[in-house]
Amino acid sequence: VETLTDEEARLVAHFRVGEFIETSRREARQRLQAIDLGPTRDVCAVTERVEIGNAARAILRVADEADADLLVMGAQGRGAIGTALFVSATRTVVTHATCPVLTARG
């Protein structure tokens with residue numbers, strides 16, 4: 001879950017940033033749990049995990065910690081800003097991942 005940088009958080013601290021982050025985490029976990037994976041769980045291990053912060057850095061860190069064999073990223077931009085964030089995160093992950101990365105459009 002992309003969230004505020006430390007600097008942005010300091011600037012808007014009066015907006016209950018901690019509450020915003022926890023709400024974002026909870027909603028992301030609910031969306032993950034709602035995904036129908038069909039027979040996927042029968043053929044591979046699936047781990048659901050919610051991370052807060054820069055998407056590319058979190059993906060690379062978690063993949064490294066898990067010794068991932070493959071990263072799969074959905075290619076789904078939401079407007080100009082969403083597309084820019086996706087392109088940036090995807091490019092960073094593809095460039096720096098230590099395993100293959102598969103990107104797919106819905």
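Residues are numbered from 1 along each chain as its sequence is written. The model is predicted, and local features therefore need a pLDDT of at least 70, side-chain atom pairs count only at pLDDT 80 or more, totals for chains, interfaces and linings use all residues, and side-chain values use heavy atoms, with hydrogens and water left out.

The protein chain contains 5 helices and 2 strands, where helices (H or I, at least four residues) and strands (E, at least two) are DSSP runs numbered from the N terminus. Along the sequence, these elements follow the pattern α-α-α-α-β-α-β. Confidence is expressed as pLDDT, the predictor's confidence in each residue on a scale from 0 to 100. The protein chain has an average pLDDT of 80, and 75% of the residues score at least 70. Among the elements of the chain, the lowest mean pLDDT, 66, belongs to helix α1 (residues 6-11), whereas the highest, 93, belongs to helix α4 (residues 55-66). Where pLDDT is low, the predicted coordinates should not be read in detail.

Of the 106 residues in the protein chain, 19% are buried. Burial is assigned from relative accessible area (buried under 20%, exposed over 50%, partly exposed in between; 1.4 Å probe, protein chains only). The largest nonpolar core consists of 8 residues, namely Ala56, Leu60, Ala63, Leu71, Met73, Ala89, Val93 and Cys99. Helix α4, strand β1 (71-74) and helix α5 (79-96) each supply at least two residues of this core, and α4 gives the most, with 3 residues. Such a core is a set of buried Ala, Val, Leu, Ile, Met, Phe, Trp, Tyr and Cys residues joined through side-chain atoms within 4.5 Å. In soluble globular proteins, nonpolar side chains tend to be buried together.

Cysteine 99, a member of this core, counts as buried because its relative accessibility is 13%. Cysteine 44, by contrast, is partly exposed, with a relative accessible area of 39%. The count of disulfides, each a pair of cysteine sulfur atoms within 2.5 Å, is 0.

On the surface, Leu70, Val72 and Leu102 form a nonpolar patch with about 280 Å² of accessible area together. Patches are made of residues with over 30% relative accessible area and no salt bridge, like charges being joined within 9 Å and nonpolar side chains (Val, Leu, Ile, Met, Phe, Trp, Tyr) within 5 Å. Accessible areas come from the Shrake-Rupley method with a 1.4 Å probe, and for residues only the protein chains shown count as cover.

The structure holds 5 salt bridges, each defined by a side-chain nitrogen of Lys or Arg within 4 Å of a carboxyl oxygen of Asp or Glu. Side chains of opposite charge can pair when their charged atoms come close. One of these bridges joins arginine 25 and glutamate 22 (3.5 Å, N to O). These two residues are 3 residues apart in helix α2 (residues 17-34), and so are separated by about one helical turn. Arginine 25 is partly exposed, with a relative accessible area of 25%, and glutamate 22 is partly exposed as well, at 40%.

A further bridge connects the side chains of glutamate 51 and arginine 61 (2.8 Å, N to O). This pair links distant parts of the chain, with glutamate 51 in the loop between α3 (40-43) and α4, and arginine 61 in helix α4, 10 residues apart. Both partners are partly exposed, glutamate 51 at 22% relative accessible area and arginine 61 at 37%. Arginine 61 also meets glutamate 65 in a salt bridge (3.4 Å, N to O). Arginine 61 and glutamate 65 lie 4 residues apart in helix α4, and are therefore separated by about one helical turn. Salt bridges that share partners join Arg49, Glu51, Arg61 and Glu65 into one network.

Two further local features concern residues outside the helices and strands. Aspartate 67 lies in the loop between α4 and β1 and is exposed, with a relative accessible area of 62%. Although aspartate 67 is not a glycine, its phi is positive, at about 50°. Most residues other than glycine have a negative phi. Arginine 105 lies in the segment after β2 and is exposed, with a relative accessible area of 67%. The C-alpha atoms of arginine 105 and alanine 75 are separated by 4.7 Å, although the two residues are 30 residues apart along the chain.
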